[in-house]
Structure formats: C-alpha cells, structure tokens
Amino acid sequence: MAAAAPLLSLLLLLLLPASNAIYCDEDDCYDLLGLKQDANASEIKKAYYKLSLKHHPDKNPDPESRKLFVKIANAYEILKDESTREKYDYAIAHPEEIFYNTAQYYRAYYGHKTDPRAVLIGLLLIVSAFQYINQLTRYNQAIESVKQTPAYRNRLKALEFERTGGIASKKKGHKLMDKKVEEAVSNEVELQIHGVEKPSVWKLYGVQFILLPYFIGKVLTWEICWFWRYRVKKLPYAWEDACYLTQTSLNIPASTWKNIDESRKEDLVTRRLWEKSNMERYIAETRKESKRRR
C-alpha cells in the first residue's frame, strides 16, 4: 500500500491538467491579451477591446479568428474580475497545488451560479433516499430473521390450520399450495420486531426538515398548555400526561412503555414517580425485591 501511494499520485498528476491550464486551456491568459502579469485593470480592458475589434465574428468571418476570439473573451472574463485573477495568479505561482487550484477554479466559476436553496434541497433528497433505502433494507432483513424463528413458524401453522379447517392436503402440489398459503397467511401474523421500525416517509430527514416549523410550533403550544394547565391552574394530571411523566421518569422508551400491560401501567402511574421522594422509594423497593429474589 505504501509503494502504491506514490504511483497513484503520479498517475493523478499525469491525468489532471496543469493548475493554470484549467483557466485558459493550454494558453496563458495574459499572453492571449498581449499583456504582462502586472497589467492593471485599465490595460486589460483596452487590450480586450482592441483584440475584439480584430477577431470578433462580425468583423472577421475566418473560423480560426472565431476560435481565437472565444479564447480572448474567456481570458478577459478571468482577468477583469479581481477575485478570479487572484486565483489565476496563485495557480501560476503554485502549479504544484493541483487539487487546491482546481477547487478554487470551480468555486469561482460555479459557486455563485448555484442557488444554495437548490443545493440544500438536493442534498436533503439524496440523504433521505439513502436513509429510506437503509431503513427498508434493515427492516426486510429483520423480517426474514423473525420468519426463521420457531415461534413464527408455529403461529403460521396455527393460522393455516385454522383457515383450512384442519384439513391437510396430500396432493403432489401440497408444497406449492403451502407456499401460497404462507404468503397469504404471513400477512396476518403480527411480527414482533424489536430495535427496527418499519420505514416511514414522515421520519425522513428531508420531510422532518420541511415540517420543522410545524414541529416547533407544536412543541411550543404543548409547553404553553402544560404550563397553563398544571403550573398556573394546578389541575390534576390527565392519564396520558401522567403516563408521559412516569415514562420519562423511568427513562423508558415509548415502544417499551406501550408493551407494558395496563395493570402495571396503572400501578406505576399511581405511585407518582415524577416526584423525587416517590421515585427514591420506588428504587429502594425495586432493589430490595431484587436482593430477595437472589
């Protein structure tokens, strides 16, 4: 690998044009206008107008003159702008910095022509597409893994038995029929997949960015309503809000809280674990119970 690095660098140097060549091809921009590198803006303008009168297609129909005029016009566009001229002079003085000079050239020529909003939208679309493909791939892999488990196969057989009324076919096409039944019945089986969610368009970065003002407004509204209801009016917590406080107090993910049975939820909520003293008492009881089981 160490020996290959110099060879790769040499190959890139051979393939890429010289730093100053990307501006006026193989020509020197100053030479095209008949100027020295220390020429001022007035001299550059005069030289261009003088040459344009001689080589402009309206003045000179010669095809070679037309090509030369295109080069002269390009050289003038580069040298008349102070920023672009400064980059070109740097490329002449530092021809070894190929990658830096190339980046500066494209930035000078195309950076101001590109709408940042279009770049942002394009970037969000690309990132969202990769995100969705990645989530879909992971979800499909998780489904295939779950389908290989005995619990899934048993549930599938039970549903198939239920749909066929307990009658098993002994025909030669039994395996084919099994496959068709499996495809139909598998849609009825609720897959218990942990750690991987089904891809949703609403959770893509691009969609969330577009809906960001809505989410911010929703959060602010929720905060204001919470403050007014429970801090100002001192109302008792509604069931959903009490569940939310309990869930956050226990640091339980929403998916885990959802799978807890209702009696257990009711027990946890009635303990009012969002209050510090109640939480400390609950932790002490949990530890004591854990030691007793050991």
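A disulfide here is a pair of cysteine sulfur atoms within 2.5 Å. With that in hand, let's look at this predicted model.

Q: How many disulfides does a search of the whole structure find?
A: The search turns up 1 disulfide.

Q: What makes the link between cysteine 24 and cysteine 29 a disulfide?
A: The sulfur atoms of cysteine 24 and cysteine 29 are 1.9 Å apart. The cut-off is within 2.5 Å, so a pair at that distance counts as a disulfide.

Q: Why is the disulfide of cysteine 24 and cysteine 29 called right-handed?
A: Its torsion about the S-S bond is about 105 degrees, and therefore the disulfide is right-handed.

Q: How do you know whether cysteine 24 is buried or exposed?
A: Cysteine 24 has a relative accessibility of 4%. Buried means under 20%, so cysteine 24 is buried.

Q: Why is cysteine 225 called partly exposed?
A: Its relative accessibility is 37%. Exposed needs over 50% and buried needs under 20%, so cysteine 225 falls in between and is partly exposed.

Q: What makes cysteine 243 count as buried?
A: Cysteine 243 has a relative accessible area of 8%, which is under 20%, so the residue is buried.

Q: Where is serine 52 found, and why is it called buried?
A: Serine 52 sits in helix α4, which covers residues 41–55. Its relative accessible area is 10%, under the 20% cut-off, so serine 52 is buried. The C-alpha atom of serine 52 is 9.6 Å from that of valine 70, with the two residues 18 apart along the chain.

Terms used: Residues are numbered from 1 along each chain as its sequence is written. This is a predicted model: local features need pLDDT of at least 70, side-chain atom pairs count only at pLDDT 80 or more; totals for chains, interfaces and linings use all residues. Side-chain values use heavy atoms; hydrogens and water are left out. Helices (H or I, at least four residues) and strands (E, at least two) are DSSP runs, numbered from the N terminus. Buried means under 20% relative accessible area, exposed over 50%, partly exposed in between (1.4 Å probe, protein chains only).
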